[in-house]
Amino acid sequence: GYERVLQENKDLYNTVQDLKGNIRVYCRIRPLFDAGEGSAVDFIGDDGSLVVVDPLKPHREARKIFHFNRVFGPIATQEEVFKDTQPLIRSVMDGYNVCIFAYGQTGSGKTHTMCGPSGGTSNDAGINHLALNDLFHISCSRKDLMNYVVEVQMVEVYNEQVRDLLTDDFSAAKLEIRNCTSNGESSIPDAKTYVVNSTVDVLNLMKLGEMNRVACSTAMNNQSSRSHSILTVHVRGKDSTGNTIRSCLHLVDLAGSERVDKSEVTGDRLKEAQYINRSLSCLGDVIAALAQKNSHIPYRNSKLTQILQSSLGGHAKTLMIAHISPEAVSYGETLSTLKFAQRVSTVELGAAYLNKESSEIKELKEEVERLKTALSRKE
Ligand code: ADP
Ligand code: MG
């Protein structure tokens, strides 16, 4: 049954195979809040290039160029972003582990991309909603071949503590992460797990999770942008011959990546900032180590990377969506977000990209020479 499913989805499967092992990085730019203000975005290329410049010094500052797998400009819709994410999400149903992150400073649009606007219309639904919708759709269309069970968990990591977002008791003790040394899988056995059968089920759980996130953060006098929220979707499938697949999808809305001026904050705020900086740089280190195929991957350095372990390494597929705010006041953060995202994406893919480009240029030059010769013969 499973073989047939793959056969029937050959095109899709090939696309998915292309993505195998790749770390993809997209960049999304949110609209300017004040249209009168200058934007840091100077140019967006179809090839994933992005040129930025300080909006306050556009004529004096050097423009900076970055390359990603794709760049979504301020008018890109939720559907467009989802469309480029869909093959990855679908591969979860074929047994791949997948991890999708929203990275960027507070206010850059991470939650908008993952969850949609708060209290927004379903037209603007985020990746979480659209992804689950798609998974149920596939499950339904394959129901004669495969029997799928979909379960979700939702936790947040705040100051290196894991909290369950799907329990009403948000004073609940911090959760433990269990690592299975034989297969490298990690799990949070005590986080509430719900079997879901429809997008409505998931939406209700997401609502509960979001409410708890806000309630927790109010109770603890901090903002939700100070924690990483992780929606985990576990998929199990079984065909009539007893073949099974098991995979997991992590949808992560990371804590704001902004650097906090250490001279200006003290106490809890400083502690939060340090935890966030450390876990985000651990994430960068893990992704870089994976891309370089190092023998040691430092998953254990943070709770975030420990939880995501099974959907970062091996044959898992990873997508980071780096978000930027185009305003002048954010320019410093924009540059550091773009540099971080570039670092994540270029370690291996960047080299291949450059080689490809230079061989194309070589071919074009040879073509020009051929045409010149042909022309001179005609004359
Ligand atoms: P973050 O989660 O990164 O802190 P939010 O997703 O909360 O940022 O976005 C900040 C504000 O900008 C919200 O009011 C959100 O609705 C709006 N916003 C973000 N991205 C977009 C977008 N692509 N189109 C329209 N509004 C957006
Ligand atoms: Mg947010």
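This is a predicted model: local features need pLDDT of at least 70, side-chain atom pairs count only at pLDDT 80 or more; totals for chains, interfaces and linings use all residues.

Colleague: Fine. So where does lysine 83 sit?

Modeller: Lysine 83 belongs to helix α3, which covers residues 78-83.

Colleague: Is lysine 83 buried or exposed, and why?

Modeller: Exposed, because lysine 83 has 11 C-beta neighbours inside 10 Å, and the cut-off for exposed is 12 or fewer.

Colleague: How far is lysine 83 from isoleucine 127 in space?

Modeller: 9.6 Å, C-alpha to C-alpha, while in sequence the two are 44 residues apart.

Colleague: Switching to the ligand. How many residues surround ligand 1, and which are the closest?

Modeller: There are 13, and the closest are Arg30, Gly109, Lys110, Thr111 and His112.

Colleague: Which element gives the largest share of that shell?

Modeller: Helix α5, residues 110-115, with three residues.

Colleague: And how does the shell divide into nonpolar, polar and charged?

Modeller: Nine polar, two nonpolar and two charged.

Colleague: OK, now the sheet. What order do the strands come in?

Modeller: β2-β3-β4, three strands in an open sheet with antiparallel pairing. β2 (41-44) and β4 (64-67) are the edges: each has a single partner strand, so one side of each has no neighbour in the sheet. From one strand to the next, the twist averages 20°.

Colleague: How many bridges join β3 to β4?

Modeller: Four, with β3 spanning residues 49-52. Among the pairs, leucine 50 has phenylalanine 66 in β4 as its bridge partner.

Terms used
Residues are numbered from 1 along each chain as its sequence is written. Chains are lettered from A and ligands numbered from 1 in the order in which they are written. A residue is near a molecule or strand if its C-beta atom, placed from the backbone, lies within 6 Å of it. Helices (H or I, at least four residues) and strands (E, at least two) are DSSP runs, numbered from the N terminus. Ala, Val, Leu, Ile, Met, Phe, Trp, Tyr, Cys and Pro count as nonpolar, Asp, Glu, Lys and Arg as charged, and the others, Gly among them, as polar. A residue is buried if 20 or more other C-beta atoms lie within 10 Å of its own, exposed if 12 or fewer, and partly exposed in between; C-beta atoms are placed from the backbone. Two strands pair if DSSP finds at least two bridges between them. Axes are lines fitted to C-alpha atoms, for helices over the stretch in contact, and angles run from 0 to 180 degrees between N-to-C directions.
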